[in-house]
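Hi everyone, thanks for coming along. I'd like to walk you through one model today, so please have a look at the screen.

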Amino acid sequence: MNCQPKDFKSDLKPIWCPGCGDFGVVQAIYRALAAVGRPPHEIAFVSGIGCSSRIPGYTTAYGFNSVHGRALPIAQGLKIANPDLLVLCAGGDGDGFSIGGGHVAHAIRRNLDLTYIVMDNQIYGLTKGQLSPTSKLGLKTVTSDLGSLETPVNPLLYVLSYGAPFVAQGTPADMAGLAAVIEEAIRYPGFSFVNVQSPCVTFGEDDWQLKQHKAVMKSVAGLGHDASDVIAAMRLAQAYGSELYTGVLYRAPQPPATYDALVRERQAEQQKKALPRERILELFAAKKKETAA
Ligand SMILES: Cc1ncc(C[n+]2csc(CCOP(=O)(O)OP(=O)(O)O)c2C)c(N)n1
Ligand code: SF4
Ligand SMILES: [Mg+2]
């Protein structure tokens with residue numbers, strides 16, 4: 001279908017702070033969806049709770065701004081119930097790697113065909129600037145007055161370690177690059193993960209905003225990275241927090257079977273073995289008689 005980015009923009013006006021990185025992310029999502037070409041009624045977009053989790057409401061896809069940390073279980077249920085839907089999942093670093101962190105591993109090992117976009121701003125934005133799991137060591141916030149003592153989670157290494165077959169990173173400072181990785185993630189047949197460095201202008205660090213991203217971002221393709229090499233991807237991922245790598249870090253060259261495809265296969269097998277409906281009713285009636293006797 002011939003789609004334009006504007007076809008995916010809802011009438012709802014974003015209430016993010018002026019300059020929030022999420023404005024750029026939603027624009028990149030419109031572009032990616034237009035390039036993929038599935039109409040909005042064939043797309044389900046699930047999020048958790050947070051500033052970034054408002055994203056589904058700003059699209060014309062079916063949206064569910066659900067429960068903090070629970071976007072992935074809901075998205076997986078949707079995909080299994082209706083495998084023909086294109087399922088997107090979005091949320092913040094807190095949503096995905098703190099309260100929802102346990103779900104990420106299981107979504108990856110099940111490998112449903114869905115795309116998970118995390119707006120990683122290294123802070124809890126919606127609740128006014130507490131430490132998040134990706135906040136850097138020493139960060140002073142309202143909940144870490146003297147500086148954080150906790151080593152941050154590395155989302156890239158986390159998902160690679162659990163075997164995610166598609167892992168990418170982007171920033172709204174490079175809109176075209178971000179739209180391209182989101183498009184590729186959507187097209188990848190399996191669990192795809194995009195970490196978006198999406199700055200929080202209100203509670204984020206002053207020296208980690210779009211201007212700084214522009215100055216330091218490095219395209220992994222430009223560095224000659226081989227995206228089919230998971231060990232090379234992990235090596236790049238280790239630089240999370242010190243380097244801003246953009247593009248596809250890992251793309252499993254042989255996409256593993258997806259859970260939704262395996263479920264469909266099993267259903268078809270069971271269907272072949274299934275007794276005709278009349279026979280099931282006969283057996284049921286006989287069993288009932290037997291128990292009553
Ligand atoms: C079960 C539950 N616990 C806590 C909260 C409060 N809460 C809402 S959003 C949020 C964190 C938001 O941070 P993040 O997920 O990084 O999203 P951001 O706002 O930064 O985009 C928290 C702790 C909640 N809504 N539900
Ligand atoms: S608080 Fe931060 S993340 Fe939330 S809308 Fe404002 S700038 Fe964006
Ligand atoms: Mg956040």
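The protein is divided into domain 1, residues 5-256, and domain 2, residues 257-293, with bounds that come from an automatic or database domain assignment. Where they touch, ten residues come from domain 1 and six residues from domain 2; contact here means that C-beta atoms, placed from the backbone, lie within 7 Å. On the domain 1 side, five of those residues are nonpolar, two polar and three charged. For these classes, Ala, Val, Leu, Ile, Met, Phe, Trp, Tyr, Cys and Pro count as nonpolar, Asp, Glu, Lys and Arg as charged, and the others, Gly among them, as polar. The C-alpha centres of the two domains lie 41 Å apart.

A quick word on the source: this is a predicted model, where local features need pLDDT of at least 70 and side-chain atom pairs count only at pLDDT 80 or more, while totals for chains, interfaces and linings use all residues. Residues are numbered from 1 along each chain as its sequence is written, chains are lettered from A, and ligands are numbered from 1 in the order in which they are written.

Now the overall picture. The C-alpha trace spans about 80 × 45 × 40 Å along its principal axes. There are ten helices and eight strands, taken as DSSP runs numbered from the N terminus, with at least four residues of H or I for a helix and at least two of E for a strand. Of the 293 residues, 46% are buried, meaning that 20 or more other C-beta atoms lie within 10 Å of their own; 12 or fewer makes a residue exposed, and anything in between partly exposed.

Let's follow strand 3 (86-92) for a moment. Strand 3 runs parallel to strand 1, joined by five bridges, and parallel to strand 4, joined by six. You can trace this through A90, which is the bridge partner of S47 and also pairs with I117 in strand 4. Why is strand 3 described as largely enclosed by the rest of the structure? Because six of its seven residues are buried.

For an antiparallel case, look at strand 5 (residues 166-170) and strand 8 (residues 245-251), joined by four bridges. There, F166 stands opposite R251.

On to the ligands. Ligand 1 is surrounded by 19 residues, the closest being G50, H68, G92, G94 and G125; a residue counts as near if its C-beta atom, placed from the backbone, lies within 6 Å. Helix 3 gives the largest share of that shell, four residues. By class, the shell has seven nonpolar, ten polar and two charged residues.

Around ligand 2 we find, among others, W16, C17, C20, C51 and C200. That shell divides into eight nonpolar, three polar and one charged.

Last stop: K214, in helix 7 (residues 210-216). K214 counts as exposed because it has 12 C-beta neighbours inside 10 Å. Happy to take questions!

Methods:
Two strands pair if DSSP finds at least two bridges between them. Two residues are in contact if their C-beta atoms, placed from the backbone, lie within 7 Å.
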